[in-house]
Amino acid sequence: MKTSGGAARRLVSHTAIYLACLAAFEAHAQSICSVPIVVSDTQCTVTPGTTLTAGASQTGVSASGATGVVTANGITINLTGAGATGAFAQNGALVTTDNTLVDTTATTAATIVNQFGLRAIGSGSRITGTLTQILIGPPASGAANNLHGVSAEGGASIELTDATVSALGGANSLDSNAVQATGAQSRVALTRGTLQTASRGAFGAAALDGGAVTLTGTTVTTTGVQNVTTLQGSHALYANGSNSRVTATGVNVLVSGTLANAFRADNRGVVEAIGSTLATTASGTAADPAAVARAATGGRVLISQRSKMSGRGQ
């Protein structure tokens with residue numbers, strides 16, 4: 001059978017396009033990650049159902065570089081040592097954590113301190129997740145300090161939907177935040193989900209040194225009392241520093257620890273409530289009242305669209 005010149009050219013053209021597409025697909029296809037999961041400018045997928053362990057100063061999943069990608073969906077990461085991190089992205093990398101659990105399984109305060117659930121550092125670095133669970137802290141005996149559920153730093157971003165984030169270091173532990181964005185251009189965005197802290201001076205969501213946190217339909221609860229050294233309360237939503245901003249739309253906030261505010265803005269930070277419910281049952285002092293919303297040293301608190309406030313502390 002003869003093939004006309006035009007048909008032959010079309011066949012060659014279609015074949016070339018197919019081969020080019022196949023080559024592109026193969027170039028971008030992700031291989032199965034090998035343990036330990038540390039990638040730099042490469043891509044891999046963690047097999048769903050995998051359980052990883054991060055010991056002292058170790059990381060369960062680590063990605064680095066602008067083309068570094070780890071798909072870590074449907075897995076469990078157990079934190080068993082001090083300074084452990086569940087998932088880490090840096091230098092422009094991406095980690096996805098849909099339906100993933102990061103859980104502290106260490107049993108003493110000394111082996112829990114300085115743990116992070118999700119941490120991203122550097123411009124362009126991102127972590128995303130839907131139905132992600134970050135449970136940092138329990139079961140602990142004593143006081144485990146410096147626990148962070150979600151932390152975006154140095155221009156990184158973390159975006160979560162329907163996530164559960166808790167940082168529960170113990171009633172006398174210090175500086176344990178559920179969510180924080182630290183540094184200019186750093187951003188954390190949560191849609192729905194819950195945030196919880198129970199330690200001294202522990203924030204539900206904090207924007208620091210130019211960072212930004214956006215919450216939509218999220219429930220935030222803090223129960224810890226103040227840090228006895230700094231007298232910092234366990235504020236639910238907190239902004240500190242120029243260009244630091246927390247924006248909360250349709251959120252439900254409850255604080256109960258001494259000197260805690262539902263909303264607090266310091267040092268030219270801004271906290272905004274849009275159509276939200278803000279409540280405190282905390283006790284305060286004349287010098288540091290446990291108000292529902294408080295701004296100090298140039299901070300600003302903005303409340304709009306029928307936000308509701310209630311306070312039953314002293």
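Modeller: Here is a tour of the paired side chains, with a few neighbouring spots along the way.

Some ground rules come before the tour. This is a predicted model, where local features need pLDDT of at least 70 and side-chain atom pairs count only at pLDDT 80 or more, while totals for chains, interfaces and linings use all residues. Residues are numbered from 1 along each chain as its sequence is written, and side-chain values use heavy atoms, with hydrogens and water left out.

Let's start with charges. Side chains of opposite charge can pair when their charged atoms come close. The term for this is a salt bridge, meaning a side-chain nitrogen of Lys or Arg within 4 Å of a carboxyl oxygen of Asp or Glu. Searching the whole structure turns up 5 salt bridges, and we'll visit some of them.

One of them joins Glu153 to Arg119, with 2.8 Å between the closest N and O atoms. Glu153 belongs to strand β14 (residues 148–153) and Arg119 to strand β11 (residues 116–121), so this pair ties together parts that are 34 residues apart in sequence. A word on those labels: helices (H or I, at least four residues) and strands (E, at least two) are DSSP runs, numbered from the N terminus. How about burial? Buried means under 20% relative accessible area, exposed over 50%, and partly exposed in between, using a 1.4 Å probe and protein chains only. Glu153 is buried because its relative accessibility is 14%. Arg119, with a relative accessible area of 23%, is partly exposed.

Is Gln115 buried or exposed? Its relative accessible area is 0%, so Gln115 is buried. A polar atom of its side chain lies 3.0 Å from the backbone oxygen of Gly81, and a polar atom of the Gln115 side chain is also 3.4 Å from the backbone oxygen of Thr111. Both are polar contacts, that is, pairs of N or O atoms within 3.5 Å; within protein, one must be able to donate a hydrogen and the other to accept it, and residues adjacent in sequence count only if both atoms are side-chain atoms. Gln115 also touches a list of residues beyond four places away in sequence, including Leu79, Thr80, Ile136 and His148. Here contact means heavy atoms within 4.5 Å.

Back to the charges. Arg192 and Asp162 meet through their side chains in a salt bridge, 2.7 Å from N to O. Arg192 sits in the loop between β18 (187–191) and β19 (194–197), and Asp162 in the loop between β15 (157–161) and β16 (164–167), so the pair ties together parts that are 30 residues apart in sequence. Arg192 is partly exposed at 41% relative accessible area, and Asp162 is partly exposed at 27%.

Another salt bridge brings together the side chains of Glu272 and Arg245, at 2.8 Å from N to O. It links distant parts of the chain: Glu272 is in strand β27 (residues 270–274) and Arg245 in strand β24 (residues 245–249), 27 residues apart. Glu272 counts as buried at 16% relative accessibility, whereas Arg245 counts as partly exposed at 30%.

Glu272 shows up again around Ser304, which touches Glu272, Ala273, Ile274 and Gly275, leaving out residues up to four places away in sequence. Ser304 is part of strand β30 (residues 300–304) and is partly exposed, at 27% relative accessible area. Its C-alpha atom is 6.3 Å from that of Ala273, 31 residues away along the chain.

Last comes a pairing of another kind. A disulfide is a covalent bond between the sulfur atoms of two cysteines. The cut-off used is a pair of cysteine sulfur atoms within 2.5 Å, and by this rule the count is 1 disulfide. That disulfide is formed by Cys33 and Cys44, whose sulfur atoms are 1.9 Å apart. Cys33 is in the loop between β1 (31–32) and β2 (37–40), and Cys44 is in strand β3 (residues 43–45), 11 residues apart. With 95 degrees about the S-S bond, the link of Cys33 and Cys44 is right-handed. Cys33 is buried at 13% relative accessible area, and Cys44 is buried at 5%.
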